[in-house]
Amino acid sequence: MGKKIKVHSLTGRIDDRLMRQSFLAVKRNRGAAGIDKVSIGMFEENLDANLASLKRDLKTKGTFVPKPLRRVFIPKDARGTAYRPLGIPAVRDRVAQEVIRRLLEPIFEPLFHDCSFGFRPKRSCHLAIERLLSFHEAGDRITLDADIAGFFDNIPHKLIVDAVAEEVSDGNILDLVKRFLAAGVMENGVFKPTTIGTPQGGVISPLLANVVLNKLDWRLEKAGYRFVRYADDFVVACETKTQAQAALELVAEVMTELGLSLSPEKTKIASYGRGYDFLGFRLSSKSRTMRAKSLEKFKTKIREITRRCNNLDARVIEKLNQVIRGTANYFATEFSTCVKLYQKLDKWIRMRVRSMKFKRKLSFDNYRLKRRYFDNKLGLLRLLDFTATSMSKTRA
């Protein structure tokens with residue numbers, strides 16, 4: 001077997017066009033400022049000079065030094081009992097990560113498995129679920145629903161760099177990847193070094209996660225399993241519980257090789273008949289709808305907007321419509337069965353708005369503020385309308 005040919009001279013591909021494209025991508029994604037408090041707008045005020053300086057640093061090995069990430073915590077559930085740490089890079093560093101991501105993605109994209117859907121071009125959560133449902137329809141009704149314990153926080157840096165180095169020989173690019181990983185975080189004014197993990201919130205983190213877990217994908221493929229993976233969330237579809245148990249043993253073996261582990265509480269063998277959760281949905285042979293956590297998260301947002309101490313005005317309706325539109329666009333798909341749930345939620349939202357307006361909760365107020373008032377006067381969106389749109393698209 002001949003020597004493997006690696007990609008080199010990636011640094012030479014960093015030009016003005018790539019720099020500008022990377023900035024525009026960061027701008028589209030918006031996001032808050034990093035620890036330097038420089039916003040996207042502030043960076044853009046002197047864009048040409050900032051991009052020229054950044055390009056110079058990226059092309060000169062050992063010159064670019066990323067700033068520590070700003071640590072923020074977002075709730076993992078509607079009750080706010082658990083939080084997920086995010087690392088927000090400075091805008092300059094986000095542009096730099098986007099440059100490297102755009103250089104690496106064309107190299108690794110052809111190597112990724114077809115059942116990997118997370119953060120890849122022309123792929124989505126909905127396509128991942130549709131693939132999974134096709135496996136169920138073909139007879140694979142037992143599932144291994146696996147969860148990697150603290151995946152993004154626990155990936156060994158050496159594992160990431162070695163995986164990139166298998167395909168890339170440009171020392172400067174590999175050095176930049178190392179620097180991104182080891183930038184550290186600022187939490188409550190205190191610097192904390194990062195010796196493992198790739199930060200959730202980093203532009204390049206999803207690509208690096210796929211590079212690492214690509215090994216798992218092909219091991220499952222070699223063993224003959226059908227599966228769907230979206231970043232660190234994956235389901236293996238099996239015909240029997242015995243097969244699912246064997247898949248669990250294989251996955252645990254691969255995790256050990258990667259220096260990771262499965263979460264015993266969240267990893268389980270389930271069935272399509274009884275149902276299981278995946279990517280925000282509750283999937284079963286009877287329905288494909290919002291999972292309990294997704295539903296509670298949605299209702300919590302609505303409750304916050306419709307507190308009785310607030311006044312009902314156009315801004316409230318605008319906020320409600322944003323939440324309704326976002327939820328409906330995700331869950332009202334061609335494969336979902338949300339009609340009855342959306343009817344109940346629409347009724348519940350109108351009740352919340354009536355209670356907000358009249359500062360009380362009485363069934364009599366249903367007559368004072370009828371549904372057509374919400375539609376015609378207030379312009380309040382209905383979840384059910386999005387489901388009807390989805391159904392009409394299916395028929396067309």
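What percentage of the 396 residues in the chain is buried? Buried residues make up 46% of the chain, where buried means under 20% relative accessible area, exposed over 50%, and partly exposed in between (1.4 Å probe, protein chains only). The model is a predicted one, in which local features need pLDDT of at least 70 and side-chain atom pairs count only at pLDDT 80 or more, while totals for chains, interfaces and linings use all residues. Residues are numbered from 1 along each chain as its sequence is written, and side-chain values use heavy atoms, with hydrogens and water left out.

## Overall build

Let us start with the whole chain. Its C-alpha trace spans about 75 × 60 × 45 Å along the principal axes. The secondary structure comes to 16 helices and 11 strands; helices (H or I, at least four residues) and strands (E, at least two) are DSSP runs, numbered from the N terminus.

From first C-alpha to last, helix 4 reaches 25 Å, close to the 26 Å expected at 1.5 Å a residue; the expected span is 1.5 Å times one less than the number of residues.

The largest nonpolar core has 112 residues, and Ile100, Leu104 and Met255 have the most contacts inside it. Helix 4 gives the most to this core, with 9 residues. Domain 1 (10-269) and domain 2 (289-392) both give residues to this core, so it lies between them. A nonpolar core here is a set of buried Ala, Val, Leu, Ile, Met, Phe, Trp, Tyr and Cys residues joined through side-chain atoms within 4.5 Å, and the domain bounds come from an automatic or database domain assignment. In soluble globular proteins, nonpolar side chains tend to be buried together.

Helix 11 (residues 292-305) can be checked in the same manner. Its 14 residues should span 20 Å at 1.5 Å a residue, and its end C-alpha atoms are 20 Å apart, which agrees. The buried residues of helix 11 are Ser294, Phe298, Lys299, Thr300, Ile302 and Ile305. An α-helix has 3.6 residues a turn, so residues three or four places apart point the same way.

## Empty space

Rolling a probe the size of a water molecule over the atoms shows where empty space is left. On a 1 Å grid over the protein atoms alone, a cavity is a set of points where a 1.4 Å probe fits but cannot get out, and a pocket is an open set with protein on both sides within 12 Å along at least five of seven lines; lining residues have an atom within 4 Å of a point. Grid points are joined across faces, edges and corners, and a volume is the space filled by probe spheres set on the points.

The count comes to 1 cavity of 30 Å³ or more. The largest cavity has a volume of about 40 Å³ and is lined by Asp346, Ile349, Arg350, Phe374, Asp375, Leu380, Leu381 and Arg382. Helix 13 (339-358) and helix 15 (371-378) are the elements that give two or more residues to this lining, and the largest share, 3 residues, comes from helix 13. By class, the lining has 4 nonpolar, no polar and 4 charged residues; Ala, Val, Leu, Ile, Met, Phe, Trp, Tyr, Cys and Pro count as nonpolar, Asp, Glu, Lys and Arg as charged, and the others, Gly among them, as polar.

The second largest pocket holds about 280 Å³ of space. Of its 14 lining residues, Ala163, Glu166, Val211, Asn214 and Lys215 lie nearest its centre. Helix 7 (157-165) and helix 9 (205-222) each supply at least two lining residues, and helix 9 gives the most, with 5. This lining has 9 nonpolar, 1 polar and 4 charged residues.

## Residues in loops

| Residue | Relative accessible area |
|---|---|
| Lys37 | 66% |
| Lys122 | 83% |
| Glu334 | 56% |

Lys37 sits in the loop between helix 1 (16-29) and helix 2 (40-45), with phi near 65 degrees, a positive value in a residue other than glycine. Lys122 lies in the loop between helix 4 and helix 5 (125-137), and its phi is near 60 degrees, also positive. Glu334 is in the loop between helix 12 (314-331) and helix 13; its C-alpha is 36 Å from that of Asn154, 180 residues apart in sequence.

Gly34 is found in the loop between helix 1 and helix 2, and at 4% relative accessibility Gly34 counts as buried. The C-alpha atoms of Gly34 and Ile324, 290 residues apart along the chain, are separated by 30 Å.
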